[in-house]
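Please take a moment with the sequence and the model shown below, and keep both in view while reading. The paragraphs that follow go from the chain as a whole to a sheet, and from there to the aromatic side chains.

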Amino acid sequence: MTDTSEATPTPIGRRTVLIATGATAAALAVTAAAPEAPTADAAHATPVAAAAVCTLTKEMTEGPYYLDGQYVRSDVTEGKAGVPLKLSLTVVDDDTCVPLSGALVEIWHCDALGEYSGFVGNNGHSEPDDGTFLRGGVLTTASGVANLTSVYPGWYRGRCVHIHVKVHTGVTLTSDGSFTGGRELHTGQLFFDETITTKVAAVSPYPTNTVPRTTLARDSIYDGGGAASGLLTLTALGSSASAGYTGTLTLGIEQG
């Protein structure tokens, strides 16, 4: 199942940013200048001010497997087998770095066998297809956080392991559990550390996917930009790969 429309990213006009934290932000902290040499206590004090650093990154192509009208729900697994994955995605305004509440963060990805719901069979495997598994979205909290539960994606011919993501604002929730209207502000992809993917690929049922796996370094879409290009920070949920991972990322969205 070659993702032909993803072979070359389309020109993108909108932007997204990521908030730099940890060492990067600390290194660029703004502190008040002292007229005298700092004391030992002052040297270990928390800086009185800090500047948030925003790094621009381009969007990624939508690809051919998007389906309109998916469910608004935090758990998209529908019983699909795979290594547990908890996503925590924070959405902020790119100009102010203020969290966006009530934004719909929508994801979709293939299962362990590399099959997308609505398109089962394109990666050479036969399984039931309800057109909705591993698809859905959730509204961000007041802190701009979207928490979603899924499984670690599999892979299909020509692409590395990834998750597609869209961010919408102003949507209207419908009585059938879906959404309508609103404004689509961001289309991107989430990527996974290759060392962790290698561990996951050895856990059942992933070995039954015999399609050659494209690595992150050989992917036609991922550009090696790390978090600025959608690379998730993955934290283990247990002592083995089968226990699963939490994936976190901060997305800044251009609203203008």
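How many helices and strands does the secondary structure of the chain come to? The model, which is predicted rather than determined by experiment, has three helices and 12 strands. Of the 256 residues in the chain, 46% are buried, and the exposed surface comes to about 11600 Å², with carbon and sulfur atoms supplying 55% of it. Among the contacts with a separation of 6 or more, 77% are between residues 24 or more positions apart.

Four strands form an open sheet in the order β5-β4-β7-β10, and their pairing is antiparallel. The strands β5 (135–139) and β10 (183–191) are at the edges and have a single partner strand each, so one side of each has no neighbour in the sheet. On average, and with direction ignored, neighbouring strands of this sheet are turned by 20 degrees against each other.

The sheet can also be followed strand by strand. Strands of a sheet pair through backbone hydrogen bonds, in either a parallel or an antiparallel arrangement. Finally, β7 and β10 run antiparallel and are joined by eight bridges, with T169 having R183 in β10 as its bridge partner.

Which residues cover the two sides of β7? In a regular strand the side chains alternate between the two faces of the sheet. For β7, H162, H164, K166 and H168 are on one side, while I163, V165, V167 and T169 are on the other, and all of them are buried; this accounts for eight of the eight residues of the strand.

Q70 has its place in the loop between β2 and β3 and is buried, with a relative accessible area of 7%. Beyond its neighbours within four places in sequence, Q70 is in contact with several residues, including E106, R135, G136 and F179.

The aromatic side chains come next, and the count comes to eight aromatic pairs. One of these pairs, formed by Y65 and Y116, is stacked, at 4.4 Å centre to centre and with 20 degrees between the planes. This pair links distant parts of the chain, since Y65 is in the loop between β2 (53–58) and β3 (84–93) and Y116 is in the loop between β4 and β5, 51 residues apart. Both Y65 and Y116 are buried. The rings of Y152 and F192 have their centres 4.6 Å apart and their planes at 50 degrees, so this pair is tilted. Y152 lies in the loop between β6 (145–151) and β7 (162–169), and F192 in the loop between β10 and α3 (194–200), so the pair ties together parts that are 40 residues apart in sequence. Y152 is buried, with a relative accessible area of 0%, and F192 is buried as well, at 1%.

Y65 and Y116 also belong, with F119 and Y156, to one aromatic cluster. Elsewhere, charges sit over rings: the charged end of K80 is over the ring of F133, 4.1 Å from its centre, and that of R213 is over the ring of W155, 5.9 Å from its centre.

Conventions:
Residues numbered from 1 in each chain as written. Predicted model: local features only at pLDDT ≥ 70, side-chain atom pairs only at ≥ 80, totals over all residues. Heavy atoms only, no water. Pairing = 2+ DSSP bridges. Axes fitted to C-alpha atoms, helices over the stretch in contact; angles between N-to-C directions. Buried < 20%, exposed > 50% of the residue type's maximum accessible area, 1.4 Å probe, protein only. Contact = heavy atoms within 4.5 Å. Areas by Shrake-Rupley, 256 points an atom, 1.4 Å probe, with all protein chains shown as cover. Phe/Tyr/Trp six-rings, centres within 6.5 Å; stacked < 30°, edge-to-face > 60°. Lys NZ or Arg CZ within 6 Å of the ring centre and 35° of its normal.
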